Amino acid sequence: RTIDGKAWTKVNANCGSTSFVVPDLISGQEYFFRVRAENRFGVGPPAETIQRTTARDPIHPPDPPIKLRIGLVTKNTVSLTWKPPKNDGGAPVTHYNVECLRWDRTGEVKESWKQCNRRDVEETKFTVEDLVEGGEYEFRVKAVNIAGPSRPSATVGPLVVKDQTCPPSIELKEFMEVEEGTDVKIVAKIKGVPFPTLTWLKASPKKPDDKSPVLYDQHVNKIVDENTCTLVIQQSRRNDTGLYTITAVNNLGTASKEMRLNVLGRPGPPVGPIKFESILADKMTISWLPPLDDGGSKITNYVIEKKEANRKTWVSVTNEPKECIFTVPKLMEGHEYVFRIRAQNKYGIGEPLDSEPETARNLFTVPGPCDKPTVSSITRDSMTVNWEEPEHDGGSPITGYWLERKETTGKRWTRVNRDPIKPMTLGVSYKVTGLIEGSEYQFRVSAINAAGVGPPSMPSDPALARDPIAPPGPPIPKVTDWTKSSVDLEWTPPIKDGGSRVTGYIVEYKEEGKEEWERVKDKEIRGTKFVVAGLKEGCFYKFRVRAVNAAGIGEPGEVTDIIEMKDRIVAPDINLDASVRDRIVVHAGGVIRIIAYVSGKPPPTVTWSRDDHALPEEAKIEETAISSSLVIKNCKRSHQGLYTLLAKNDGGERKKTIIVDVLDVPGPVGMPLLTENLTNDSCKLSWFTPEDDGGSPITNYIIEKRESDRRAWTPVTYTVTRQNATIQGLIEGKAYFFRIAAENLIGMGPFTETTKEIVIRNPITVPDRPEDLEVKAVTKNSVTLTWNPPKYNGGSDITMYVLESRLIGKDKFHKVTKEKMLD
């Protein structure tokens, strides 16, 4: 029963031992228990527990503390920190005990472990005091719960107790970005002994060198603990954005670190005033400048609202503009309006900028006349008309132009464009098409603004519709060849013919050192090639060509090189005909034809060879002024090889090689022909591959047979790719001849025939032993024996019997007969 209950509750139905585990208790509840014995006559009186018992898990001392570390060390103190034990033993750790052990200078233990704390240490840190300066100590910590102290932690040390010094150092992240209204903690990790003096400075992002001390109040505060300094900013604002610098100073030096804080929020108001770029009766165009503060995020758009000046309610106009200009439509003429603009970024909409009141009304008239237009780019059916905007736009921007034309012989003006021509930055031009060749035209133009169409300009000067003609552009000449007294010229026509067909060309030359050019021919040259002859040997000349059309002689095109009059030496060059490649493959009986075009000056001598030797007798060389051809008709396998063409002159030599493969049927298969595995209906033939496969891999072997008493050959009807084959379907006892030919992609080669006939029969082996050997008669020097033939003769008739004898006691038999015995 529980201590506050009176009723006893039966725990078990039956228990045969003197111990029992009571289940289903409530953790933390206190209980009394009683036990009664029972026999066959009944249940005896109970035995009751005297003390109450609390239901809880067993409690034992905790595990040792972990991660014991040494912090600040002075001449008589050591600061320690640690982590709680992983297992508290089933009861909370109530406190910790810190122990130390002192060593002497010889490395001997001077004292035993002793407790350093006079009162219970409830935190996981402790400073051990009253240590001996210069003493060498080890430290450990024990955790304590209601069950007692734990085993000691791992020790730290030994270390010498003395003042430690080190210059300051700081760890601080370089950048932090938060949203406006967020609490900010800038945490700097500080090291330095003695602990340094810490100062925070702030500078504007636009003036990073203008730093001032941070002022601490309810909004900004500084928190310093054992090894950190935290700058806390409550409910951050946009003006908290800046470059923060922390400086640490002790007697050993100074350290500084900077961190850039960016507080993001809504943008500030646009920069005013709002300007009215144009005012009309039904719309106004307003402009403004972006906010000085974009909230730390890109401006995504502007929100524009309007209200009539005599009302309080604002009406949304748009939130789409991304630029700082917008035309507000649907205004009522004569009404006075006020506009306000707010910038928006991803964090929200900023403060507004309001305009001055403005009345919707027209402030302009129709534009004035344009100056007289001009005409250019005249062809037989089109002209381009050019004009400038009018001096007076009537107070409203020019939105377009109407262009009109008329023939000089007529009086009626006709509009050229269906829609107004859009204005341009530097003047306006418009191409008028559909004109009649030979007609003369004038043009005039009228400007358009919001008030309407202005008066027309003065008519342009008359212009005749026809294609313009000008002298042609320069040809592009080049020297293709020369000798000691002539030059071969060739040129391409000019890119521009001046609007008229080129009718001829004028070729001119000039000797070096002279100023005047001379014509090579009085008449125009009709083609694009010409040979200039009669030049002086050893002199230097320049050449040029000019095109001629109906408008006259065009600009000259000049040869860039100066040509010296002497015989030209050009090293040989060899180009194979398009039908020839670096490798030629022909079939035996075909024609080997190698055509090579040989050039050079002076004309080179040409030599042909095969495999660095003379050409075959069947080879013929055919020469022309520009080519050399090698021809072999009805070629054979022996004609294949590496053919070389060598061309030489005073300028050098050139070589060209061509591989020629001649494909033919294979040669005869190799001897000998062997027979194996002879049976009563088959035999196996073996042979060697041909010495010459014809230049193409062997694809098959053709096997034929004939009986020895016949002349007709019969093919064996299956494909053979190896050098052996088993011939089936033969007749036992028949004698056969066989012949074999190799086959490739070109065809079948000659047959190789067996020289001896092959008789088809089973293979012959030795016979079995004779049977029923008996002694029939014995004399003093003879014995008569009888026996029966063996059951199996080995596949051949018995030709003889061999009789042997041995003396009793001897191991070796000896022949008795020297002649053949058949019976």
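Strand S17 supplies the largest share of the lining of the second largest pocket, with five residues. The model is predicted. This pocket holds about 550 Å³ of space. Its lining comprises 18 residues. Nearest the centre lie Ile-190, Lys-191, Gly-192, Glu-226 and Asn-227. Strand S7 (66–73), strand S15 (166–171) and strand S17 (184–193) are the elements that give two or more residues to this lining. By class, the lining of the second largest pocket divides into seven nonpolar, seven polar and four charged residues.

Aromatic contacts were examined next. The structure holds 13 aromatic pairs. One of them joins Tyr-137 and Phe-139: the ring centres are 6.2 Å apart and the planes meet at 25°, so the pair counts as stacked. The cut-off for stacking is under 30 degrees. Both residues of this pair, Tyr-137 and Phe-139, are buried. Elsewhere, ring pairs link Phe-276, Tyr-337 and Phe-339 into a cluster.

Charged groups also sit over aromatic rings. The charged end of Arg-415 lies over the ring of Trp-402, at 3.6 Å from the ring centre. The charged end of Lys-406 is placed over the ring of Trp-413, with 5.5 Å to the ring centre.

No disulfide is present: the structure holds zero. A disulfide is a covalent bond between the sulfur atoms of two cysteines. For Cys-116, the closest cysteine sulfur belongs to Cys-100 and is 3.1 Å away, which is too far for a bond. The cut-off for a disulfide is 2.5 Å between the sulfur atoms. Cys-116 is buried, with a relative accessible area of 18%. Cys-370 is also classed as buried, at 5% relative accessibility.

Most residues other than glycine have a negative phi, and most peptide bonds are trans. The peptide bond from Gly-272 to Pro-273 is cis, with omega near 0°. Pro-273 belongs to strand S24 (residues 271–279). A cis peptide bond also runs from Lys-601 to Pro-602, where omega is near -10°. Pro-602 is placed in the loop between S50 and strand S51 (605–610).

Positive phi values occur at Gln-235 and Asp-612. Gln-235, not a glycine, has a positive phi of about 50°. Gln-235 is located in the loop between strand S21 (228–233) and strand S22 (242–250). For Asp-612, also a residue other than glycine, phi is near 60°. Asp-612 lies in the loop that runs between S51 and strand S52 (620–623). Asp-612 counts as exposed, because its relative accessibility is 71% and the exposed class begins over 50%.

Strand S50 (residues 592–601) contains Val-598. Val-598 is buried, with a relative accessible area of 13%. The C-alpha atoms of Val-598 and Thr-18 are separated by 125 Å. Along the chain, Val-598 and Thr-18 are 580 residues apart.

Methods: Residues are numbered from 1 along each chain as its sequence is written. This is a predicted model: local features need pLDDT of at least 70, side-chain atom pairs count only at pLDDT 80 or more; totals for chains, interfaces and linings use all residues. Side-chain values use heavy atoms; hydrogens and water are left out. On a 1 Å grid over the protein atoms alone, a cavity is a set of points where a 1.4 Å probe fits but cannot get out, and a pocket is an open set with protein on both sides within 12 Å along at least five of seven lines; lining residues have an atom within 4 Å of a point. Grid points are joined across faces, edges and corners, and a volume is the space filled by probe spheres set on the points. Helices (H or I, at least four residues) and strands (E, at least two) are DSSP runs, numbered from the N terminus. Ala, Val, Leu, Ile, Met, Phe, Trp, Tyr, Cys and Pro count as nonpolar, Asp, Glu, Lys and Arg as charged, and the others, Gly among them, as polar. Buried means under 20% relative accessible area, exposed over 50%, partly exposed in between (1.4 Å probe, protein chains only). Rings of Phe, Tyr and Trp (its six-membered ring) pair if their centres lie within 6.5 Å; planes under 30 degrees apart count as stacked, over 60 as edge-to-face and the rest as tilted. A charge sits over a ring if NZ of Lys or CZ of Arg is within 6 Å of the ring centre and within 35 degrees of the ring normal.
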